Amino acid sequence: MALVVQGMKTAVTGTTAEAVGTGLARLGQSPVVLGGDELDLIEVMERGGSLGLIHIGPAEPKAMHAYADQARDLGLEFSADPGDLEGEEAVEFLTGAKFLVTSEHRYHLLQATTGLADDEILERVRVRVTTLDQDGVEIAGHDMDRVRVPFARAREIIDPAGGVEAFTAGLLAGLGWGMSLRRASEVGSQLTALALESVGPQGYSVNPVEFVNRLEQSYGPAAAAEASAYLLPD
């Protein structure tokens, strides 16, 4: 089952949109990076074509709710990062999301301010993808076994800035390629390693051949082979 529609673009919004969009572009994708004044998704699609997924990142609450409301009304699949939203405002925002993407710290804050247990949150979103720093990624959702993806092998961690955005970019790229959540999370984790090995939030670069080789070192030949079909098509 495809998680998003292959061949359709991914849109990214919020204060992290530029960094996430840069990561997607470095993996060969052409994301739609929406500025704070581009709130009408119908106009966005009339201008640039249909969207397979919209990732709604942290921003002004009014803008976040505007995107989520439109996605629900238009039947668009969306990924939600609630950022600093708390309580009922956060619940309203994330309800109906296909993916809830947060760090472990943010997820615990979300549970504390909403009073919702993990199962109750998963009644409102389809899949939760939670980064666990050096412990990797946890994936949980409806009708699926809970999955732990180990963190990718990193050579030397130089600067933690940009790691969150790099993971989101890699995850969205993998989903856009039609990968499973596990595989997409492996791509996200490997891109995170590149970001942590570089100075500055967008100081990393992606050499497709090296990236595939590092995926093999971290996750084995099957992961590398699957990614190479998109990164090294020739």
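Me: Is threonine 114 buried or exposed?

Reply: The model is predicted, and the values are computed from it. A residue counts as buried when its relative accessible area is under 20%. Threonine 114 has a relative accessible area of 19%, so this residue is buried.

Me: In which helix does threonine 114 lie?

Reply: Threonine 114 belongs to helix H5, which covers residues 104-114.

Me: Which backbone atoms does the side chain of threonine 114 reach?

Reply: For polar contacts, look for N or O atoms within 3.5 Å of each other. Here the side chain of threonine 114 reaches the backbone oxygen of leucine 110 at 2.7 Å. A polar atom of that side chain also lies 3.2 Å from the backbone nitrogen of leucine 116.

Me: Leaving aside neighbours within four places in sequence, what is threonine 114 in contact with?

Reply: With those neighbours set aside, threonine 114 is in contact with Gly87, Ala90 and Val91.

Me: Which helix gives the most to the lining of the largest pocket?

Reply: Helix H7 does, with 5 residues. Strand E5 (99-103), helix H7 (163-176) and helix H8 (181-196) each supply at least two residues of that lining.

Me: How many residues of the lining are nonpolar, polar and charged?

Reply: The lining of the largest pocket has 9 nonpolar, 12 polar and 4 charged residues.

Methods:
Residues are numbered from 1 along each chain as its sequence is written. This is a predicted model: local features need pLDDT of at least 70, side-chain atom pairs count only at pLDDT 80 or more; totals for chains, interfaces and linings use all residues. Side-chain values use heavy atoms; hydrogens and water are left out. Helices (H or I, at least four residues) and strands (E, at least two) are DSSP runs, numbered from the N terminus. Buried means under 20% relative accessible area, exposed over 50%, partly exposed in between (1.4 Å probe, protein chains only). A polar contact is a pair of N or O atoms within 3.5 Å; within protein, one must be able to donate a hydrogen and the other to accept it, and residues adjacent in sequence count only if both atoms are side-chain atoms. Contact means heavy atoms within 4.5 Å. Ala, Val, Leu, Ile, Met, Phe, Trp, Tyr, Cys and Pro count as nonpolar, Asp, Glu, Lys and Arg as charged, and the others, Gly among them, as polar.
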